[in-house]
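Please find below a short note on the contact between two chains.

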Amino acid sequence: MLIDHHCHSVVAEELDDTALGDLLTESDRPAAPGTSRFDSALGLAVRRWCPPALGLPAHAPAADYLARRRELGSTEATRRLLRAAGLDALLVDTGLTAAAGRPLLTLPALAEAAATPVHEVVRLESVAERVESGAADWPAAAAEALAAETARRGAVAVKSVLAYRHGLDVPPGRPARAALVRAAEDWLRGPRERLTDPLLLRHLLWSAAELGLPIQLHTGFGDPDLRLHRADPALLADLVRALEPTGVPLVLLHCYPYHRQAAWLAHCFPQVYVDIGLTVPHTGPRAAAVLGEVLELAPYGKVLFSTDAYGLPELYLTGAAQYRHGLAALLDDWRRDGALTGTDAERITAQVSGTNATRLYRL
Amino acid sequence: MLIDHHCHSVVAEELDDTALGDLLTESDRPAAPGTSRFDSALGLAVRRWCPPALGLPAHAPAADYLARRRELGSTEATRRLLRAAGLDALLVDTGLTAAAGRPLLTLPALAEAAATPVHEVVRLESVAERVESGAADWPAAAAEALAAETARRGAVAVKSVLAYRHGLDVPPGRPARAALVRAAEDWLRGPRERLTDPLLLRHLLWSAAELGLPIQLHTGFGDPDLRLHRADPALLADLVRALEPTGVPLVLLHCYPYHRQAAWLAHCFPQVYVDIGLTVPHTGPRAAAVLGEVLELAPYGKVLFSTDAYGLPELYLTGAAQYRHGLAALLDDWRRDGALTGTDAERITAQVSGTNATRLYRL
Amino acid sequence: MLIDHHCHSVVAEELDDTALGDLLTESDRPAAPGTSRFDSALGLAVRRWCPPALGLPAHAPAADYLARRRELGSTEATRRLLRAAGLDALLVDTGLTAAAGRPLLTLPALAEAAATPVHEVVRLESVAERVESGAADWPAAAAEALAAETARRGAVAVKSVLAYRHGLDVPPGRPARAALVRAAEDWLRGPRERLTDPLLLRHLLWSAAELGLPIQLHTGFGDPDLRLHRADPALLADLVRALEPTGVPLVLLHCYPYHRQAAWLAHCFPQVYVDIGLTVPHTGPRAAAVLGEVLELAPYGKVLFSTDAYGLPELYLTGAAQYRHGLAALLDDWRRDGALTGTDAERITAQVSGTNATRLYRL
């Protein structure tokens, strides 16, 4: 069993080589002059795991791979790549609806292409940005919209991008109503493009905590929009403590290069979980080493596999294959060293691959 | 020779399985639903090293181990585990007198059970919290109490928990008397439970520096009471510089996940030392890799072994065995790579295991 | 081909053993009592790679090595060590003119000793500190001096030590003229020893950006003058974004222990490059592991080899040999794991060793 507890849909249409390359990075900028998107840890990993799914040998040159993908067509390539990932359930964050300016597959279409059940993760900020109300009613209206949307979509979790919109360095408590209304006034007066007010963002977290669903939080690396040091999950300690009485699980996504800090939070606080998605595919040949770092302090019952795939079906297959290979390599090393038994290794693998997610999200 | 330069005493009485499990973590919270304390790097390490000391095979299941421990009784299990650790001296921080609500063995009882000489490390804040005086006299009285207590107990070092009580981000200088007296007034008016005023805490450090004993400082990870990013030893740079003229050694404890930052301080400043305790047992199968990270910048003459064992005798044996095994594995790798000779490896091992501590603490 | 894109010249005169040892560390303090400079990762690496260049076996004891070096004399030892490094070009930061109080070889003398072409990197702060003008003219005069000096010396890059002088935590924008003039007044009134005003330092960066030359920035570890946490390259994100429209390349030097953060910046921003100098020799037997960490997120077309050698010719040879050995060991591991092909490994090696530098600096 392998459950992808955090991912995104993939582009439906054909992609030219440049557009495909531009989805092989967290950057939204063009590649530097004289460099190729494939000359990276992720590029190596894609070339290792994806060509065989399209009938080419592993490590086929990028040009051969891209030619073969065009030959098969996007629909067929997507089906093959998604199915080769061998995933048993996808928990899809639907906060993004396009990649590289192109629309993503709907959830039913993604489920069909992957031949896998799909569950939805609702992004807090996306819901809140669509709330229509006066400032005085905005706090309640936002909370109601979250409750209504998660119910309507049968969401299994919600997701916060506080790290992008402000940074994780926020005061921990529930914001006072008067301050919220003032912040809502500013928001409603503005162009309403992206919600970035830290009071309103915190209000969403506290409102979400009442829904009882696990809250996934972006932490650590991501696209250039981020201030990386303000996405250090260690900055969440006070908020974690403040939310502890609600009992709502907090799932720290990605975390890298602060994954040891995230693992410490999962070690200390019963309701904190830690994810290895995005990090495992992006670190390519180093995935086993990075997984090892996460497993230093994180209780094995609180570590969750994901791909954080977005846009490209290659990222599903690469994320899943890198994880399976990397964790097996790590645990084999530990066995050779005498650190655990085969039974221990199987239990750890089962926990991170699926039983932790099944229990946490009540799948 | 193996000298444990920072540890705590162990629980005297019988522990039920839950209480024992609750001492296998830095968390003071209950385990998350559906998880076991043994499903962790430390849990694997305890199951690797401790069962043989109680007559079971390595990697015995947790339930078998706990049953065997109950069968032997706490006193006998404690003796066996402590003695199997093979330690030649213990430097015990006596700032904690209980674990999981249960009293700890006295130092003579610990020395007898471990068949090892015991030296005392006096915790600054514990002494200061017992000082009875008016505010105007408090600064001098606290300094005198530290001098008297360390002399009375023959202390070989003192210990600061500034990282827990405030964070390591304090101004470096010696606090002015007038400000100290005002802070003492606030402290004396309050419930006097835990000293957290940064001025008073800094006063303790500066007073301790006059005693000439090495000052051990908690840095890096620990229990949930901590704000991890404010326990980064890099934050101490200005204080390290300010204290440099006193010549008093500063020993950075634990350090993880900021152990590379701590190693840099030890690299730059003659009076700074770096410890690997707590980290080595808690990172389990990853201990060799983490040791490697410490040994990147830290001069080998300034790295110190400890267990930071607390509450459970298992943590003594696990800390010592993980260290011996991890350092040997690391140095064997380096030899195979051609990076050093067998003589070099022996010298490094001797330094970290004991000669550094013997010189630093004048044992 | 191996291009050292950031280094310093070496001491011309004979060094006694203590002076030589004092150049084997970033510390400017004496070694701690009872410790040797050779008992470190860098010490092991020097003893591994340098004795054969002087006719001794690898791993010769430090005393034998020092005796043999004296026997040969500094001039001959320097020639042998520099030439054994096998470097094809040196990009020398001329901001430092002495080491351990002794003058460094001139660039022509260095080029002759190493039998290698030498290019110059001009240090911004050194130029600005020599500017003579009134405060009102200082901003323009500093910019003109930078343009004149880089042209006169045929510089291929400039270098900023903002991390040392203030910290990387500066506001991103170009400073306003009025504020600059006030800051220049303060500077000109003072003893004019070291430029530390953050406005003036930022002005130098913005002025340098107009020259079109790559800007090398010290980030990460260095000597005790540094506040390490304020040298975290992640702090540069806003400045990187602000400078992005100028198109000027920013080269993050050293970076350790924040090299993963630096790699993320190189991943996200087309104009950011990342260096592994200083780190690779100083981490000795761990160089391959640290290189692996850099190569997790950094595009392979944006990673640059350097030695950051300074003062001792040993640091050239050790830096080059550690890099060659460490990268080969890392890539061999990856090949054995099936992560890449031999062709891939050769391309990565060629990029980091020289083609990236050739393209970036237009050599």
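1. How much area is buried between chain A and chain B, and what share of it do carbon and sulfur atoms give? In this predicted model, the area buried between the two chains is about 3,000 Å², and carbon and sulfur atoms give 53% of that area. A:Arg260, A:Trp264 and A:Glu296 supply 20% of the area that chain A buries against chain B, more than any other three residues.

2. On the residue level, 34 residues of chain A are in contact with 36 residues of chain B. Only 3% of the interface residues of chain A are also interface residues in chain B, so the copies meet through different surfaces.

3. Seven salt bridges are counted between chain A and chain B; in a salt bridge between B:Asp39 and A:Arg347, the N to O distance is 3.0 Å. Across the interface, 22 residue pairs are in polar contact.

4. On the side of chain A that touches chain B, at least two residues each come from α11 (237–243), α12 (259–268), α14 (287–297) and α16 (342–361) of chain A. The most is given by α14(A), with six residues. By residue class, this side of chain A divides into 16 nonpolar, seven polar and eleven charged residues.

5. As to symmetry, chain A is superposed on chain B by a rotation of 120° with 0.0 Å of shift along its axis, at an RMSD of 0.0 Å. The two copies are therefore related as by a three-fold rotation axis. In chain A, the C-alpha nearest the axis belongs to A:Ala289, 5.4 Å from it.

Methods. Residues are numbered from 1 along each chain as its sequence is written. Chains are lettered from A and ligands numbered from 1 in the order in which they are written. This is a predicted model: local features need pLDDT of at least 70, side-chain atom pairs count only at pLDDT 80 or more; totals for chains, interfaces and linings use all residues. Side-chain values use heavy atoms; hydrogens and water are left out. Contact means heavy atoms within 4.5 Å. Buried area is the accessible area (1.4 Å probe) that two parts lose on being put together, summed over both. A salt bridge is a side-chain nitrogen of Lys or Arg within 4 Å of a carboxyl oxygen of Asp or Glu. A polar contact is a pair of N or O atoms within 3.5 Å; within protein, one must be able to donate a hydrogen and the other to accept it, and residues adjacent in sequence count only if both atoms are side-chain atoms. Helices (H or I, at least four residues) and strands (E, at least two) are DSSP runs, numbered from the N terminus. Ala, Val, Leu, Ile, Met, Phe, Trp, Tyr, Cys and Pro count as nonpolar, Asp, Glu, Lys and Arg as charged, and the others, Gly among them, as polar. Copies are superposed by least squares on the C-alpha atoms of residues with pLDDT of at least 70 in both.
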